[in-house]
Each structure stands twice: as structure tokens, then as C-alpha cells.
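The sequence and structure are shown first, followed by the points grouped by topic.

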Amino acid sequence: MTDHSPVFPTPGAGTRRRRRSWRNPTDAWLFWIFFGWLGAHRYYLGDWRMGIAMTVTLGGLGLWSLLDGLFLGRRLRRINDGRA
């Protein structure tokens, strides 16, 4: 049986994936504040289907964007905990 994984991984071998998947809360909040009515925070968090729906409806005429602001922190924690 052969194992093709290195015994000693190269420095930073797994950090690129981890860095890319972690979402910065400051960025998400800035996207929500300035472009929440277009669903930019949804695109940033990887939920592109809901982002398209928000873009088409202009954030549910603002109501959907406001509700997303209430739950954005919880959603960020869940995404970052799940990908860590």
C-alpha cells in the first residue's frame, strides 16, 4: 500500500485553504452596510443564490436587508466555525 501524502508537509500547505474559506466579519458588515440592498454580503458569504434573489428584488425592497443585518453575526460565526 502506498501513501502519496508527504510525511512532513511543506510549510503553509494547509493555510491557503483555511485562509480563503474564513470570512472576515468586518468585510461582511461593510458589504451589508453599503451594498446590503443588492445582496453583496450574501455573495461574500457564499450564498450566491440568495444574493441573486436579493439583487433582483433590491433586498426585498429593503426589508430583507434589514432582517439580514439582525442575523449576520450569527451567520458569520456558523460559517467560520464550520470551515475551521
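The chain exposes about 6600 Å², and carbon and sulfur atoms supply 65% of that area. The model is a predicted one. Of the 84 residues in the chain, 26% count as buried.

**Overall fold**

- The chain contains five helices and zero strands.
- Along the sequence, the elements follow the pattern α-α-α-α-α.
- Among contacts between residues at least 6 apart in sequence, 46% join residues at least 24 apart.

**Packing of H2 against H5**

- Two packed helices are described by the angle between their axes and the distance between those axes.
- Helix H2 spans residues 25-35 and helix H5 spans residues 63-83; their axes come within 11 Å and cross at roughly 175 degrees.
- Because angles over 145 degrees count as roughly antiparallel, H2 is roughly antiparallel to H5.
- On the H2 side, the contact is formed by Pro25, Ala28, Trp29 and Trp32.
- These H2 residues meet Ser65, Leu66, Asp68, Gly69, Leu72, Gly73 and Leu76 in H5.
- Sorted by class, the contact of H2 with H5 has seven nonpolar, three polar and one charged residues.

**Packing of H4 against H5**

- Helix H4, residues 48-61, packs with H5 at an angle of about 115 degrees, and the two axes are 6 Å apart.
- The H4 residues in this contact are Met50, Ala53, Met54, Thr57, Gly59, Gly60 and Leu61.
- Their partners in H5 are Leu63, Trp64, Ser65 and Asp68.
- By class, the contact of H4 with H5 has six nonpolar, four polar and one charged residues.
- Ser65 and Asp68 of H5 take part in the contact with H4 and also in the contact with H2.

**Arginine 75**

- Arginine 75 is located in helix H5.
- The relative accessibility of arginine 75 is 19%, so this residue counts as buried, the cut-off being under 20%.
- The side chain of arginine 75 makes a polar contact with the side chain of aspartate 47, at 3.1 Å.
- Leaving aside residues up to four places away in sequence, arginine 75 touches Arg42, Leu45 and Asp47.

Notes
Residues are numbered from 1 along each chain as its sequence is written. This is a predicted model: local features need pLDDT of at least 70, side-chain atom pairs count only at pLDDT 80 or more; totals for chains, interfaces and linings use all residues. Side-chain values use heavy atoms; hydrogens and water are left out. Axes are lines fitted to C-alpha atoms, for helices over the stretch in contact, and angles run from 0 to 180 degrees between N-to-C directions. Helices (H or I, at least four residues) and strands (E, at least two) are DSSP runs, numbered from the N terminus. Angles under 35 degrees count as roughly parallel, over 145 as roughly antiparallel, 65 to 115 as roughly perpendicular and the rest as oblique. Contact means heavy atoms within 4.5 Å. Ala, Val, Leu, Ile, Met, Phe, Trp, Tyr, Cys and Pro count as nonpolar, Asp, Glu, Lys and Arg as charged, and the others, Gly among them, as polar. Buried means under 20% relative accessible area, exposed over 50%, partly exposed in between (1.4 Å probe, protein chains only). A polar contact is a pair of N or O atoms within 3.5 Å; within protein, one must be able to donate a hydrogen and the other to accept it, and residues adjacent in sequence count only if both atoms are side-chain atoms. Accessible areas come from the Shrake-Rupley method with a 1.4 Å probe; for residues, only the protein chains shown count as cover.
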